[in-house]
Amino acid sequence: MKPRLLFVVNVDWFFLSHRLPIALEASRSGYEVHLAAAITDKLDILKSYDLVVHPLALDRSSMNLVSALRTFVQIWQLFRFVKPNLVHLVTIKPVVLGGLAARLARVPAVVVAISGLGFVFVAQGWLATLRRWLVGGLYRVVFGHSNLKVIFQNQDDQFQVTKLTGLPTQSMVLIRGSGVDLEQYRYMPLPDDRLPVVMLAGRLLVDKGVREFVQAAKILKNAGVMARFVLVGTLDPDNPSSLSEHELMHWADEGVVELWGQRPDMYQALAESQIVVLPSYREGLPKILIEAAACGRVVVTTDVPGCRDAILPGITGFLVPVCDDQALAENILQLLENRVLCESMGKAGRVFAERVFDVRQVVEKHLQIYNELLEKVK
C-alpha cells in the first residue's frame with residue numbers, strides 16, 4: 001500500500017509555485033499525494049497532476065478565533081478521513097492549525113515548513129506582540145510531536161523560532177528556498193532595449209517594499225534618469241499588507257511605474273529586465289531573487305532575513321537598508337550607469353544559482369526527510 005502524503009497549504013497558487021516539484025517527485029517515488037488548500041481558480045490544474053485535492057475553508061486575512069476553530073476542525077476531520085502517513089504543513093496558519101490537528105489525530109509523521117515568519121512577525125505594536133506570543137506558544141505545542149522535522153529557509157528564522165520555542169537541533173533542517181528550475185530559468189543576455197527595465201516582481205504588498213520602489217523610481221526620474229520601472233504581480237486582498245488598486249493606478253497614471261500584471265511566463269519577463277529589485281521588509285527566501293539569479297540578472301534587495309540569504313553581496317547584487325528609498329535609488333543608479341557591472345554580476349548570479357538553488361537538490365532533500373520520518377514508524 002502506498003504511503004499517503006498530505007500537503008496542507010494556505011492557498012492553491014502558492015502550492016503550485018513553491019511545492020509542486022516536491023509533490024510530483026513524491027508521486028513518482030510511490031507516494032499517494034493529497035493536497036488541502038483554499039482553492040481559487042487552480043482546481044483543474046491541480047487535478048491534471050493526479051493530485052487528490054481537498055478544498056479547505058481557510059481565510060488568510062482573518063484573525064477571527066471562530067473562523068480558525070472551524071478550519072481546525074475541518075483539518076482534523078480530514079486527517080481522520082485520509083489517514084495520512086505523513087503531513088507537510090506550509091505557511092503559518094496550516095502549521096499552527098494543522099500541527100495541532102496532527103497531534104490530536106495521531107498522524108505518524110509531520111514536516112513543518114517555515115517559509116518566512118510573515119505578517120505576524122513583521123508587524124509592530126502591542127497587538128502584533130501579543131500575536132507573536134500566542135503563535136510562539138502554539139508552535140511549542142506543534143513542535144512537541146514525537147516524529148517531526150521543521151524546515152527553515154534562512155538562519156535568522158531558525159534562530160528566532162528556536163529561541164521562541166526551544167526546538168531541539170535534531171528536529172531542524174535548513175533548506176535555502178524552494179529552488180528554481182535551471183532549465184526553464186536559463187541564463188539570458190541583457191536586452192538591447194533603448195531604455196533599461198528595472199523590475200519588482202511579486203505580490204503587491206506594503207511589506208514587499210513596493211512603496212519604496214516607487215519612491216526610488218520618482219527620485220531617479222526627477223533626476224533625469226532614463227529607465228522603465230515595472231511592477232510585475234497582482235494585489236492580494238486577503239493579505240493585511242496588500243496595497244490598494246487606487247494607489248497602483250495613481251502611480252501608473254503619474255507615469256512613475258508600468259503595471260505588467262501577473263506573468264505566467266516569469267522567465268520571459270525576467271529576460272526583458274536589466275535589474276531586479278526587491279526591497280522587502282522580511283522574507284523566508286524569496287523565489288523571485290533566485291529566479292533572477294538563474295536568468296543572469298543583478299539584484300538590489302534589502303539587508304533583512306531571507307533577502308540577504310538569496311544573494312552574494314557585492315558579487316551577485318547589492319544590499320540596502322530596509323525602508324530606505326534614497327539608498328535604493330542610489331544603488332539602482334549605480335547599476336544603470338554600468339551595464340558591464342550588470343552583466344558580470346548577473347553571470348555570477350547564474351553560477352550561484354547553479355551551486356545552491358537547483359530545484360532538483362531541494363526536491364531530493366525533501367524526499368530524504370520524508371523517507372527518514374516514515375522509517376521511524378515502520
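## Loops, cores and cysteines in a predicted model

Cys 323 sits in the loop between β13 (317-320) and α13 (325-336). Helices (H or I, at least four residues) and strands (E, at least two) are DSSP runs, numbered from the N terminus. Cys 323 is not a glycine, yet its phi is positive, at about 60 degrees.

This is a predicted model: local features need pLDDT of at least 70, side-chain atom pairs count only at pLDDT 80 or more, and totals for chains, interfaces and linings use all residues. Residues are numbered from 1 along each chain as its sequence is written, and side-chain values use heavy atoms, with hydrogens and water left out.

**Cysteines.** How many disulfides does a search of the whole structure find? It finds 0. A disulfide here is a pair of cysteine sulfur atoms within 2.5 Å. Cys 323 is in no disulfide, and the nearest cysteine sulfur, that of Cys 307, is 12 Å away.

**Accessibility.** Buried means under 20% relative accessible area, exposed over 50%, and partly exposed in between (1.4 Å probe, protein chains only). The table applies these classes to several residues.

| Residue | Relative accessible area | Class |
|---|---|---|
| Cys 295 | 0% | buried |
| Asp 358 | 6% | buried |
| Ala 227 | 7% | buried |
| Leu 130 | 37% | partly exposed |
| Cys 323 | 44% | partly exposed |
| Arg 106 | 72% | exposed |

**The α5-β5 loop.** Arg 106 lies in the loop between α5 and β5. Its phi is near 55 degrees, a positive value in a residue other than glycine. Ala 105 is also found between α5 (92-104) and β5 (109-114). Contact means heavy atoms within 4.5 Å. Leaving aside neighbours within four places in sequence, Ala 105 is in contact with Trp 76, Phe 79 and Arg 80. Ala 105 and Lys 163 are 58 residues apart in sequence, and their C-alpha atoms are 28 Å apart.

Ala 227 belongs to the loop between α9 (210-222) and β9 (228-232). Beyond four places in sequence, Ala 227 touches Leu 195, Pro 196, Val 198, Lys 221 and Leu 336. Ala 227 and Arg 194 are 33 residues apart in sequence but 8.8 Å apart in space, C-alpha to C-alpha. Asp 358 is in the loop between α14 (339-356) and α15 (359-375). Its contacts, leaving aside neighbours within four places in sequence, are Val 180, Leu 182 and Ala 353.

**Nonpolar cores.** A nonpolar core is a set of buried Ala, Val, Leu, Ile, Met, Phe, Trp, Tyr and Cys residues joined through side-chain atoms within 4.5 Å. Which residues touch the most other members of the largest core? Among its 35 residues, they are Phe 7, Phe 15 and Tyr 370. Elements that give two or more residues to this core include β1 (4-11), α1 (12-18) and α2 (20-28). The largest share, 8 residues, comes from α15. Leaving aside neighbours within four places in sequence, the contacts of Phe 15 include Phe 7, Val 9, Leu 35 and Leu 51. Apart from this core lies another, of 34 residues, among them Val 198, Val 210, Ala 329 and Met 345.
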